[in-house]
Structure formats: structure tokens, C-alpha cells
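Look at the sequence and the model first, then read on.

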Amino acid sequence: MPENIKTVTVTNIRQWAKTLFSFKVTRPDGFKFTAGQFVRLGLNPNTIKNLNTKDDNETIFRAYSVVSSPYDEFIEFFSVVIPDGAFTSKLQYLQVGDSLELDTTPYGFLTLPRYQAPVPKDLWLLATGTGLAPFLSILKTLDVWQTYQQIYLIYSARTQQELAYVEEIPQLKATYGEDGAEFQFVPIVTREANFDGLKERLPTLILSGKLENFVQQNLNPETSHVMLCGNPQMVDDTKEALKQKGLTMNRRGEGNIAVENYW
């Protein structure tokens, strides 16, 4: 096994919805990452006890953003089940005690240090589905609360059941940023008419001005940092909506909009 690949053990599993779950694994000694980064997680079907398979011993790797803080003693991941997926169709059968392989080389630049200009003031974290993961990790650091004046976590899902971590999210400021930035959490549900909140897709809410009106803050090319993570179509459409507001892609440290592309 290559030196950067470590075996980790599943210690906790939480089912959020039928096709949505999170899980924790042991953290290898010396493993370091920056909040917002992702890693490659490896699954050998023959090491999942609850999966009856005659697959070969080939380990399949997929990219997963880390949910946990860089300082936690465990590593947490957030996953959707794709019925025909080579990876998640098997990952859904995980049990506590099962083994996975972790590539300990962190990847990605959806991190706070990528922003050099404009000067930090308001941070917008826009997520759909499991794209929430890197933003939870970022919000579990002291730096983000001390760097910004306002933080907005905008999290969209199809149903209320698919809004994961909604009980934990309001506690993040008290835990990590009690004396830091102001914080607003805005959940969005797009396929339930009885939801008491915003119901439209993120790009629609941005173009109409409804999102800005809801949080009482404007997206401003001079002050706003915006991070996007989630469904690729959402990311593409939301980028274009933000550009129509005058915001620009972050390149070489300058600009408003940062995205992660590992789908």
C-alpha cells in the first residue's frame, strides 16, 4: 500500500434521509488538512461486512470534502447514495467497525486563504445537498469568525428531511465564534410547498434580489466573498447569476466567487 494511503475505521454513522447519511472514521496520526479541502476515500467492497458481494479486491476511490474541523480527533464525511454508483451504492452498507482507505493528501482550494482581494468583510457560503460539507468544516475554525464581519450560510435541499445538520448549525457561532462575525443561516427547500421559508433555486433567488432582501445584505463586488459547492448545474447557474450582479471569479487570489470542482 502506498505510504499516503492509510486504513481508517468507521466509528459512527448517522442516517439523515433515505439516500443521505454521514459517517465518522478514525484519524491517522499526522493527517493535516485546511478547512474546505477534500480527500480521496477508498472503498474495497470486500471489506464492507454488510455487503454480500463477490467483487474483486480493487479499491474504488472518490473525492469527499471533510465535514469535521481540522482539529477534531476524527474525520467526518457527508454522502449521498447514488443507486447505480460504483462507490455510493456500496458505501450505503457501511457499518461501524468497517474499514476504508484514506488518501492522506488533501486537495482543493475552496479555502479562506485563496482570498486576497477584496478585503474580507461579508462571506456567503452557498450549498446544495452534500456541498454543505466543506462549509461546516470552515465554520468549525476560529479564523473565519475572526476574519469576517458577517457570514451567511445558505443551504438548499429538495425536502426538509434532506436538510442535514440543521440542529447543529445554529450552535456553530456559540462554539467557535462567540465574539466574532454576525451569522445568519438560511435553509431553502425547493420541493415542498408547505415549507415556511425560501423555496426557489439559488440562482433565481439571487437574480430576483429575494436572497439579499431576506438577509438584509447586498452582494457587493467591493466586499463580498462567495463560495459555491454542490450540484454542478447549481454551481454553473449561480456563478452566472452572481456575475450579473457584478461579482467576478476568484483568480490568483483576487475576485469574489470561489467554487470547488470535483464532481
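Arg14 has a relative accessibility of 35%, so Arg14 counts as partly exposed. The cut-offs are these: buried means under 20% relative accessible area, exposed means over 50%, and partly exposed lies in between (1.4 Å probe, protein chains only).

This is a predicted model, where local features need pLDDT of at least 70, side-chain atom pairs count only at pLDDT 80 or more, and totals for chains, interfaces and linings use all residues. Residues are numbered from 1 along each chain as its sequence is written, and side-chain values use heavy atoms, with hydrogens and water left out.

**Salt bridges**

How many salt bridges does the structure hold? There are eight. A salt bridge is a side-chain nitrogen of Lys or Arg within 4 Å of a carboxyl oxygen of Asp or Glu. The table shows three of them.

| Glu168 | Arg14 | 2.7 Å |

Take Glu168 and Arg14, which form a salt bridge. This pair links distant parts of the chain, 154 residues apart. Arg14 sits in strand E1 (residues 5-17), while Glu168 is in the loop between strand E8 (150-157) and helix H4 (172-176). Helices (H or I, at least four residues) and strands (E, at least two) are DSSP runs, numbered from the N terminus. Glu168 is partly exposed because its relative accessibility is 30%.

Is Asp103 buried or exposed? Asp103 has a relative accessible area of 1%, so it is buried. Arg40 has 30%, so Arg40 is partly exposed.

Glu240 is partly exposed because its relative accessibility is 42%. Lys243, at 36%, is therefore partly exposed.

**Ser68**

Where does Ser68 lie? Ser68 is in the loop between strand E4 (60-65) and strand E5 (74-80). Its relative accessible area is 0%, so Ser68 is buried. A polar atom of the Ser68 side chain lies 3.0 Å from the backbone nitrogen of Glu76. Leaving aside neighbours within four places in sequence, Ser68 is in contact (heavy atoms within 4.5 Å) with Phe33, Phe74, Ile75, Glu76, Ser137 and Lys140.

Definitions and conventions:
A polar contact is a pair of N or O atoms within 3.5 Å; within protein, one must be able to donate a hydrogen and the other to accept it, and residues adjacent in sequence count only if both atoms are side-chain atoms.
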